[in-house]
Amino acid sequence: MIHQQDLVGDWANAQGAVMHVAADRTLTAENIDSAEPHWKCSPTVTRAAWQFMVSYSGEGSYSSQTATKGDSFTVDVRPTNVNGEPTDLRCSFSADVRRDDRGYNLCLVEDPDETCTDHELMRKVPAPPR
């Protein structure tokens, strides 16, 4: 489980994917197709919305606009046309949050039942020293 303050920041992988998760629940990304192998939209995401997934009693879950922690989150991308207007096309992915001996990592998947390889894992970029 990751808390929102730990999720907020920059994430990257060795293949060049970079993602910025903001506290206002927006997200931007570059080369996102290098982290999510089934991505069919633009590799550059200029604005997306993210929400934690919350489990409820039983065997289900839902995306929450108010949850402040979770084991996964969803990203909904609404591409724009050349005039900057939203299109009808919607792209989305899920990110499973995991933790290993190097800290948190994110596995971006189109299908939550997929497994991640080291190629796809994204890790938090350390903040520059002050």
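## Elements along the chain

Helices (H or I, at least four residues) and strands (E, at least two) are DSSP runs, numbered from the N terminus. By this reading, the protein has one helix and 11 strands. Their order along the sequence is β-α-β-β-β-β-β-β-β-β-β-β.

The structure is a predicted model, in which local features need pLDDT of at least 70 and side-chain atom pairs count only at pLDDT 80 or more, while totals for chains, interfaces and linings use all residues. Residues are numbered from 1 along each chain as its sequence is written, and side-chain values use heavy atoms, with hydrogens and water left out.

## Overall dimensions

How does the radius of gyration of the protein agree with that of a compact globule? The radius of gyration is taken over C-alpha atoms, and the globule rule is 2.2 Å times the number of residues to the power 0.38. For 130 residues a compact globule would have a value near 14 Å, and the protein has 14 Å, so the two agree. Along the principal axes, the C-alpha trace spans about 45 × 40 × 30 Å.

Contact means heavy atoms within 4.5 Å. Among the contacts with a separation of 6 or more, 41% are between residues 24 or more positions apart.

## Surface and charge

Accessible areas come from the Shrake-Rupley method with a 1.4 Å probe; for residues, only the protein chains shown count as cover. The accessible surface of the protein comes to about 7,900 Å², and 47% of it belongs to carbon and sulfur atoms. A residue is called buried under 20% relative accessible area, exposed over 50%, and partly exposed in between (1.4 Å probe, protein chains only). Buried residues make up 40% of the 130 residues.

For charges, Lys and Arg count as positive and Asp and Glu as negative, while His and the chain ends are not counted. The place of a charge is taken as NZ of Lys, CZ of Arg, CG of Asp or CD of Glu. The protein has 12 positive and 20 negative charges, and their mean positions are 7 Å apart.

## The disulfide

A disulfide is a covalent bond between the sulfur atoms of two cysteines. In the search, a disulfide is a pair of cysteine sulfur atoms within 2.5 Å. One disulfide is found in the whole structure. Which residues does the disulfide join? It links Cys41 to Cys91, with an S to S distance of 1.4 Å. Cys41 lies in the loop between β4 (26-30) and β5 (45-56) and Cys91 lies in strand β9 (residues 91-100), so the pair ties together parts that are 50 residues apart in sequence.

The link of Cys41 and Cys91 is left-handed, with -50° about the S-S bond. Both Cys41 and Cys91 are buried.

## Two residues with positive phi

Arg25 is not a glycine, yet has a positive phi of about 70°. Arg25 is placed in the loop between β3 (18-21) and β4. With 13% relative accessibility, Arg25 counts as buried.

Asn31, also not a glycine, has a positive phi of about 55°. Asn31 is in the loop between β4 and β5. Is Asn31 buried or partly exposed? At 36% relative accessibility, Asn31 counts as partly exposed.

## Contacts and distances of single residues

Ala12 is in strand β2 (residues 9-12). Not counting residues up to four places away in sequence, Ala12 touches Ala17, Val18, Leu121, Met122, Arg123 and Val125. Lys69 is 57 residues from Ala12 along the chain, and the C-alpha atoms of the two are separated by 21 Å.

Met53 lies in strand β5 and is partly exposed, with a relative accessible area of 21%. Leaving aside neighbours within four places in sequence, Met53 is in contact with Ser61, Tyr62, Ser63, Gly70, Ser72, Phe73 and Thr74. The C-alpha atoms of Met53 and Ala14 are separated by 26 Å, and the two residues are 39 residues apart along the chain.

Asp118 is in the loop between β10 (103-109) and β11 (122-124). At 69% relative accessibility, Asp118 counts as exposed. Asp118 and Asn13 are 105 residues apart along the chain, and their C-alpha atoms are separated by 8.9 Å.
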